[in-house]
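Me: Could you walk me through this model, starting with how far it can be trusted and then going region by region?

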Amino acid sequence: MKKTLAILGSGHLGQQIAYYAISDSHYSNVVFFDDFTSDKERNGYAILGDTDNVEQAYLNNAFDEIIIALGYKHLNVKKALYERFKGVIPFGKVIHSSSWVDKTASINEGCVIYPTCAIDANAVINANTVLNIGCTIAHDSVIGKHCFLSPRVALAGFINVEEMCILGINSTIIDNIIIVEKTQVGGGTVVTKSITKSGLYVGNPHRFIR
Ligand SMILES: CC(=O)SCCNC(=O)CCNC(=O)[C@H](O)C(C)(C)COP(=O)(O)OP(=O)(O)OC[C@H]1O[C@@H](n2cnc3c(N)ncnc32)[C@H](O)[C@@H]1OP(=O)(O)O
């Protein structure tokens with residue numbers, strides 16, 4: 001496959017996505033755009049400018065698809081960039097080949113699924129969301145747009161995580177729960193009831209801290 005992936009953000013997340021995009025044979029080349037460096041390359045891949053250069057570079061055939069690689073501290077910017085480029089530039093997708101995705105599950109544009117995730121029947125991962133290594137998403141669960149799931153997050157069945165949520169490493173969400181948008185849960189948190197107020201939650205069972 002001869003396709004070039006543009007990655008917005010050349011920091012650690014962007015570099016990891018570039019690594020999987022190439023080493024797992026999803027794309028043949030990567031270019032970066034970054035608003036916070038004047039460097040011209042990262043790990044051998046060109047940095048073509050900042051986000052204001054994206055549209056023109058696409059018109060110049062500098063790349064085929066785009067993925068936004070901003071980490072969990074910048075989900076508002078990640079959302080804004082997604083909305084800016086949606087319908088203008090095709091979004092790519094990287095689903096690592098070591099992950100298992102049931103054929104009835106759907107993973108939408110701009111998503112990155114790291115190695116060894118398991119995504120079961122009828123699960124939906126909405127656009128612009130990242131699942132880090134080893135996440136388990138059970139049947140019929142839905143994850144909203146612009147979310148970040150840390151390593152080993154475990155979702156039982158029939159869960160609805162709304163957009164812009166951050167689920168910490170090894171957090172566990174029991175079945176039939178709704179997590180309202182812009183919620184963050186800490187590492188190892190066990191969410192036992194629906195969360196209806198955005199904020200930061202930790203512990204087992206989960207408690208609101210701010
Ligand atoms: C590949 C990657 O690396 S992806 C990124 C993976 N990283 C993660 O998942 C990190 C998740 N982050 C955490 O769990 C953090 O502790 C956070 C975000 C929940 C809170 O961080 P801070 O804002 O610094 O909170 P702080 O450390 O001040 O703790 C506030 C209170 O919550 C408690 N607390 C913090 N984190 C947790 C936790 N994960 N579980 C239980 N209690 C916690 C603290 O003990 C403290 O309690 P106290 O007020 O009774 O003393």
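Me: How confident is the predictor, and how are things numbered?

Reply: This is a predicted model, in which local features need pLDDT of at least 70 and side-chain atom pairs count only at pLDDT 80 or more, while totals for chains, interfaces and linings use all residues. Residues are numbered from 1 along each chain as its sequence is written. The protein averages a pLDDT of 98, and 100% of the residues score at least 70, pLDDT being the predictor's confidence in each residue, from 0 to 100. For the complex, the predictor gives an ipTM of 0.97 and a pTM of 0.97.

Me: Which residues does UniProt list for the PglD N-terminal domain?

Reply: The unreviewed UniProt entry lists residues 5-84 under "domain: PglD N-terminal"; its positions are in the numbering used here, feature names are shortened, and annotations may be inferred rather than shown by experiment. Over residues 5-84 the chain is 35% helix and 21% strand, with the end C-alpha atoms 18 Å apart. Helices (H or I, at least four residues) and strands (E, at least two) are DSSP runs, numbered from the N terminus.

Me: What does β1 pair with?

Reply: β1 runs parallel to strand β2 (residues 29-33) over five bridges, and four bridges join β1 to β5, again in parallel; two strands pair if DSSP finds at least two bridges between them. A6 has V31 as its bridge partner in β2, and A6 stands opposite I66 in β5. Four of the five residues of β1 are buried, where buried means that 20 or more other C-beta atoms lie within 10 Å of a residue's own, exposed means 12 or fewer, and partly exposed is in between, with C-beta atoms placed from the backbone.

Me: And how does the chain get from β1 to β2?

Reply: From β1 the chain crosses through helix α1 (residues 12-23) to β2, and this β-α-β crossover is right-handed: with the strands pointing away from the viewer, the path from the first strand over the helix to the second runs clockwise.

Me: Moving on to α3, which residues are buried there?

Reply: In helix α3 (residues 75-85), the buried residues are L75, K78, L81, Y82 and F85. Seen down the axis of α3, these buried residues fall within an arc of 120°, so they line one face of the helix; the arc is that of the directions from the helix axis to the C-beta atoms. An α-helix has 3.6 residues a turn, so residues three or four places apart point the same way. The face of α3 turned away from the buried side carries the exposed residues N76 and E83.

Me: What covers the buried residues of α3?

Reply: The cover includes β1 (4-8), α2 (54-59), β5 (65-68) and β15 (148-149), with residues counted as in contact if their C-beta atoms, placed from the backbone, lie within 7 Å.

Me: What comes after α3?

Reply: α3 is followed by G87, whose phi is positive, near 80°, and K93 is found in the loop between α3 and β6 (94-95). K93 is partly exposed, with 18 other C-beta atoms within 10 Å. Not counting residues up to four places away in sequence, K93 touches I107, E109, G110 and C111. K93 and Y27 are 66 residues apart in sequence but 9.9 Å apart in space, C-alpha to C-alpha.

Me: What about the open sheets, what is their strand order?

Reply: An open sheet of six strands has the order β7-β10-β13-β16-β19-β22, with parallel pairing. In that sheet β7 (100-101) and β22 (190-191) stand at the edges, each with a single partner strand, so one side of each is left without a neighbour in the sheet. An open sheet of five strands, with parallel pairing, has the order β8-β11-β14-β17-β20, and its edge strands are β8 (106-107) and β20, each pairing on one side only.

Me: Where is the cis peptide bond?

Reply: A cis peptide bond joins N204 and P205, with omega about -5°, and P205 is found in the loop between β23 (200-202) and β24 (207-208).

Me: Last one: is H146 buried or exposed?

Reply: H146 is buried, with 27 other C-beta atoms within 10 Å, and its phi is near 60°, a positive value in a residue other than glycine.

Key:
Two residues are in contact if their C-beta atoms, placed from the backbone, lie within 7 Å.
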